[in-house]
Amino acid sequence: MSTVKEQIVDFLEKCEDVRNCKFIMATTKIKDLLKSIANSAELYEIFDTVASKFDYVAAKERCLIDSDDAFGRSRIVLPDTRGDRLAFIFCLLVEIDRGDIQINYFLQKYYPKDGSYYASYHAFCDEIIGNLESIISGIFSQELSEPDPPKQIEEGGAPRLGAGGNALSEVNAICLLISRELDFISSCALSEDDKEAAGCILSSLTGAVRAADKELVNALVCGYNYFIMYTRQMSDSAQELFDAIGGFVSK
């Protein structure tokens with residue numbers, strides 16, 4: 001079972017994934033971020049506490065400022081208190097994940113930057129995801145400052161990937177390869193439907209690997225292999241990913 005620090009580090013890594021991903025993968029990365037909250041008892045309790053009595057409908061009226069004001073443009077004003085800010089950001093991300101808010105339209109309206117989705121998306125991440133990271137890092141500052149447990153070392157002195165306490169390292173290595181695959185897919189000359197299908201498979205694969213659901217991992221890898229054969233788009237690191245997963249499920 002992962003420690004509180006590992007859960008918070010995973011959450012913060014998911015925040016960075018949202019901030020650093022291609023715009024086409026934004027909704028997939030936001031979904032992964034929300035899953036990391038659901039998978040952590042400590043994070044779930046915090047967000048449940050701040051959101052349970054939070055009037056999100058009223059907050060949207062105060063925080064989402066339309067363009068008919070002195071500034072001449074729509075903008076977002078986050079709540080003053082840390083708890084309300086956390087609740088508002090959480091509810092906003094849930095609406096984006098559910099499709100109640102279309103992120104393209106939302107960015108154009110509240111984060112207009114020279115007509116560029118790239119610039120608008122990064123402005124959104126700087127404010128929304130940046131605040132989320134800052135608040136959670138502050139709440140769990142003590143846990144984050146705790147030293148990591150010592151790694152098991154083989155006689156030759158090299159860490160054993162996936163041995164004992166290093167199982168998390170193997171999982172993270174696989175997830176890094178999946179992340180590279182997502183970046184590759186986003187840059188390919190594929191249809192949006194094909195990119196979305198690949199993103200769904202790879203994001204589900206990340207969750208299955210972290211949950212150690214080896215049966216699901218095998219099924220998803222099979223599906224992604226067929227996707228590669230169908231589209232004839234294969235990254236330089238795809239075989240490395242398949243090999244790493246092969247070793248993971250064989251244990």
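This is a predicted model: local features need pLDDT of at least 70, side-chain atom pairs count only at pLDDT 80 or more; totals for chains, interfaces and linings use all residues.

Mentor: Ala-212 counts as partly exposed, because its relative accessibility is 46% and the class of exposed residues begins over 50%. Ala-212 sits in the loop that joins α10 (192-210) to α11 (214-231). Its backbone deserves attention: phi is positive, about 60°, although Ala-212 is not a glycine. Arg-232 also has a positive phi, near 60°, and is likewise a residue other than glycine. Arg-232 belongs to the loop between α11 and α12 (238-249). With a relative accessibility of 75%, Arg-232 counts as exposed.

The protein contains twelve helices and two strands. Along the sequence, their order is α-α-α-α-β-β-α-α-α-α-α-α-α-α. There are 251 residues, of which 41% count as buried. Among contacts in the protein with a separation of 6 or more, 67% are between residues 24 or more positions apart.

Now to the part in question. Two packed helices are described by the angle between their axes and by the distance between those axes. The crossing in which α2 passes α5 is left-handed. On the α2 side, the contact is made by Thr-27, Ile-30, Lys-31, Leu-33, Leu-34 and Ile-37, while α5 contributes Phe-90, Leu-93, Val-94, Ile-96 and Asp-97. Sorted by class, this contact of α2 with α5 has eight nonpolar residues, one polar residue and two charged residues.

Phe-90 lies in helix α5. Leaving aside residues up to four places away in sequence, Phe-90 touches Leu-34, Ile-37, Phe-47 and Ala-51. Of these partners, Leu-34 and Ile-37 are listed on the α2 side of the helix contact. The C-alpha atoms of Phe-90 and Ile-37 are separated by 9.9 Å, and the two residues are 53 apart along the chain.

The charged residues in the contact can be examined in the same way. Lys-31 and Asp-97 form a salt bridge, with the closest N and O atoms 2.9 Å apart. This pair joins distant parts of the chain, since Lys-31 is in helix α2 (residues 26-38) and Asp-97 is in helix α5 (residues 82-98), 66 residues apart. Lys-31 is partly exposed, with a relative accessible area of 37%. Asp-97 is also partly exposed, at 27%.

The side chains of Glu-95 and Lys-60 meet at 3.3 Å, N to O. Here the pair links Glu-95 in helix α5 with Lys-60 in helix α4 (residues 56-63), 35 residues apart. Glu-95 is buried, because its relative accessible area of 10% falls under 20%. Lys-60 counts as partly exposed, with a relative accessibility of 24%.

These pairs belong to a count of seven salt bridges. Another of them joins Asp-126 to Arg-19, whose closest N and O atoms are 3.0 Å apart. Asp-126 lies in helix α7 (residues 117-139) and Arg-19 in helix α1 (residues 4-20), so that distant parts of the chain, 107 residues apart, are linked. Arg-19 and Asp-126 also belong, together with Glu-133, to a network of salt bridges.

Helix α1 supplies a further example of helix packing. α1 and helix α3 (residues 41-52) pack at an angle of about 65°, with their axes 9 Å apart. In this contact, Val-4, Gln-7, Ile-8 and Phe-11 of α1 meet Ala-41, Glu-42 and Leu-43 of α3. By class, the contact of α1 with α3 has five nonpolar residues, one polar residue and one charged residue.

Notes: Residues are numbered from 1 along each chain as its sequence is written. Side-chain values use heavy atoms; hydrogens and water are left out. A salt bridge is a side-chain nitrogen of Lys or Arg within 4 Å of a carboxyl oxygen of Asp or Glu. Helices (H or I, at least four residues) and strands (E, at least two) are DSSP runs, numbered from the N terminus. Buried means under 20% relative accessible area, exposed over 50%, partly exposed in between (1.4 Å probe, protein chains only). A crossing is left-handed if the near helix is turned anticlockwise from the far one by less than a right angle, and right-handed if clockwise. Contact means heavy atoms within 4.5 Å. Ala, Val, Leu, Ile, Met, Phe, Trp, Tyr, Cys and Pro count as nonpolar, Asp, Glu, Lys and Arg as charged, and the others, Gly among them, as polar. Axes are lines fitted to C-alpha atoms, for helices over the stretch in contact, and angles run from 0 to 180 degrees between N-to-C directions.
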